[in-house]
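Me: I would like to go through this structure with you, one topic at a time. Please keep the answers plain.

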Amino acid sequence: MVVNTIHWFRKGLRLHDNPSLRDSIRGADTMRCIYILDPWFAGSSNVGINRWRFLLHCLEDLDASLRKLNSRLFVIRGQPTDVFPRLFKEWKINRLSYEYDSEPFGKERDATIQKLASEAKVEVMVRISHTLYDLAKIIELNDGQPPLTYKRFQALISRMDAVEQPAETITPDVIKNCATPIRDDHDHKFGVPTLEELGFDTEGLSEAVWPGGETEALIRLERHLERKAWVANFESPRMNANSLLASPTGLSPYLRFGCLSCRLFYSKLTDLYRKVKENNSPPLSLYGQLLFREFFYTSATNNPCFDKMEGNPVCVQIPWDRNPEALAKWAEGQTGFPWIDAIMTQLRQEGWVHHLARHAVACFLTRGDLWISWEEGMKAFEELLIDADWSVNAGSWMWLSCSSFFQQFFKCYCPVGFGRRTDPTGDYIRRYLPVLRGFPAEYIYDPWNAPEEVQKAAKCIIGVHYPKPMVNHAEASRINIERMRQIYQQLSSYRGLGLLAAVPSNPSSNMRGVGAGNSQAPRGASENPPTQETIPRTERGQTTQKRRCEEALPESWRKSLKQSK
């Protein structure tokens, strides 16, 4: 029987470590690699131009790589549920392959496609390669529940089998006699569209800081691994002004789109560490960037409300303010705090900011200054960040707003001091806020404190050419820390939760900026934040106050409490 196969690219936009594509090719007579693009979605979604441009670069690079194998990428316009029944018939398909998608929406979509394939008698081949582990096995190991602390997650994966080695790269030897039927009108019918064709206005669009594609990803990986001293000693790079700029060794967008395999990255790090350290086993901390990603994927995989507060079983219900005007100032970089505004300007222009810069603006928007829901910040990042990932984005925002995973609400980033310690000269501010370029370093982080003659010399009058601070940080953060203290005090009314055990007697003393430390992802979680594993039995007699407290508890904690009564 003639075997005609389709490989459906979604994430995993690469030819290295692509086991579903490799297995689909074996024994096949024809192969067509497709990417389904909904033009209507491109014009109507809130995804920004930088991420769309990165995706199109990825598709162009993938098509170029397939050309070298005498194949092509078929970009199909439409919805998967409409596209596949037509392709199954038109191309006489009897095999379909794709990479496993662990996120709730992806699982629901794929179940629908599998049903359509079954009705058309098409074999479906699915392989895991976007994550290091089979997330279902991690959850199974934790008695059917996702781990709610990073420490618990690390304990679980230490009991898992070793991470699988990357699959062989797709080469002519792998493809052998498997051919791709290509028509003369391929480019017209199946070519990668331009931004203009998708309805974007590209006038004034600057050159991409992050060029997309597998080719670029592999080049960056080699540069990343050249830092042998860092790998050998595992010393986090020291934070400085240059750290805030896009790096030629940065990998996060490439991992997000699957241009770079997380398993290849993991394998290369391991091999290099063992080579330098003479076969010693590497510590888990070496893989921080990858493991935090895996942690959030695991937390989100069975939770379709992971990106919301309401209905989210792992999220504390916090009465955030609704303030569209303040939200807009934050998103547009008009808060009056140069450190915050420079970060948001870089994000809008380039589609990326350093992870500690993300921490600073997230804290400012939520529990630090504006008391606006983390959901609003997550939506802004979803629009603007090239590497925005549904699970990681939502998980990071819950973490940084102390809505889940992390409870040290008294640690607050100062929108003046944090930036000043990172970049004392203010070069980062001048780069992204040229209106402040004339201010001396002494005042560039708090230009409202500059004497009138300094403002005139800088040709920037605060309140005229650049906004005054939208809040008094000292006062706002003091009030918000007290708000968080009250919320966590209520949660702690359940005997034994111990949420406030690490809170200093005078939390306002922590309102000065948190140090600029380094981390691969959100760090600093308390050693034993409350989880379903640590919540003890509670007494049956509940006061009205305790019932109100329970409404603020994450659902997973409430279920544990009810089960223990």
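Me: How many helices and strands does the protein chain have?
Reply: The protein chain has 25 helices and 5 strands. Please keep in mind that this is a predicted model.

Me: What share of the residues counts as buried?
Reply: Of the 565 residues in the protein chain, 57% count as buried. As for contacts with a separation of 6 or more, 79% of them are between residues 24 or more positions apart.

Me: Next, the sheet. What is the strand order?
Reply: The order is 3-2-1-4-5, in an open sheet of 5 strands with parallel pairing. The twist averages 30 degrees from one strand to the next.

Me: Which strands stand at the edges?
Reply: Strand 3 (73-77) and strand 5 (123-127) do. Each has a single partner strand, so one side of each has no neighbour in the sheet.

Me: And strand 1, how many bridges join it to strand 2?
Reply: There are 6 bridges between strand 1 and strand 2, and the two run parallel. Within that pairing, Ile 6 stands opposite Arg 32 of strand 2. Strand 1 also pairs with strand 4 (residues 95-99), in the parallel sense and over 4 bridges. There, His 7 stands opposite Ser 97 of strand 4.

Me: How many residues of strand 2 are buried?
Reply: Strand 2 is mostly covered, with 8 of its 8 residues buried. Thr 30, Arg 32, Ile 34 and Ile 36 point one way, while Met 31, Cys 33, Tyr 35 and Leu 37 point the other way.

Me: Which strands does helix 4 lie across?
Reply: Helix 4 (residues 80-90) lies across strand 1, strand 2 (30-37), strand 3 and strand 4. Its direction is at about 160 degrees to strand 2.

Me: Cys 33 came up just now. How many disulfides does a search of the whole structure find?
Reply: The search finds 0 disulfides. For Cys 33, the nearest cysteine sulfur is that of Cys 178, 8.7 Å away.

Me: Is Cys 33 buried or exposed?
Reply: Cys 33 has a relative accessible area of 0%, so it counts as buried. Cys 460 is also buried, at 0% relative accessibility.

Me: What is phi of Asp 17 near?
Reply: Phi of Asp 17 is near 45 degrees, a positive value in a residue other than glycine. Asp 17 sits in the loop between strand 1 (4-9) and helix 1 (19-25). Asp 17 is buried too, with a relative accessible area of 0%.

Me: Which residues have the most contacts inside the largest nonpolar core?
Reply: Trp 330 and Phe 439 do, in a core of 143 residues. Apart from that core lies another, of 18 residues, among them Trp 8, Phe 84, Trp 91 and Ile 113.

Me: What does Trp 330 touch?
Reply: Beyond residues up to four places away in sequence, its contacts include Thr 335, Ile 340, Met 344, Phe 364, Phe 381 and Trp 397.

Me: What happens just after helix 19?
Reply: Cys 402 takes a positive phi of about 60 degrees there. Cys 402 lies in the loop between helix 19 (390-400) and helix 20 (417-422), and Cys 402 is buried, with a relative accessible area of 0%.

Terms used. Residues are numbered from 1 along each chain as its sequence is written. This is a predicted model: local features need pLDDT of at least 70, side-chain atom pairs count only at pLDDT 80 or more; totals for chains, interfaces and linings use all residues. Side-chain values use heavy atoms; hydrogens and water are left out. Buried means under 20% relative accessible area, exposed over 50%, partly exposed in between (1.4 Å probe, protein chains only). A nonpolar core is a set of buried Ala, Val, Leu, Ile, Met, Phe, Trp, Tyr and Cys residues joined through side-chain atoms within 4.5 Å. Contact means heavy atoms within 4.5 Å. Two strands pair if DSSP finds at least two bridges between them. Axes are lines fitted to C-alpha atoms, for helices over the stretch in contact, and angles run from 0 to 180 degrees between N-to-C directions. A disulfide is a pair of cysteine sulfur atoms within 2.5 Å.
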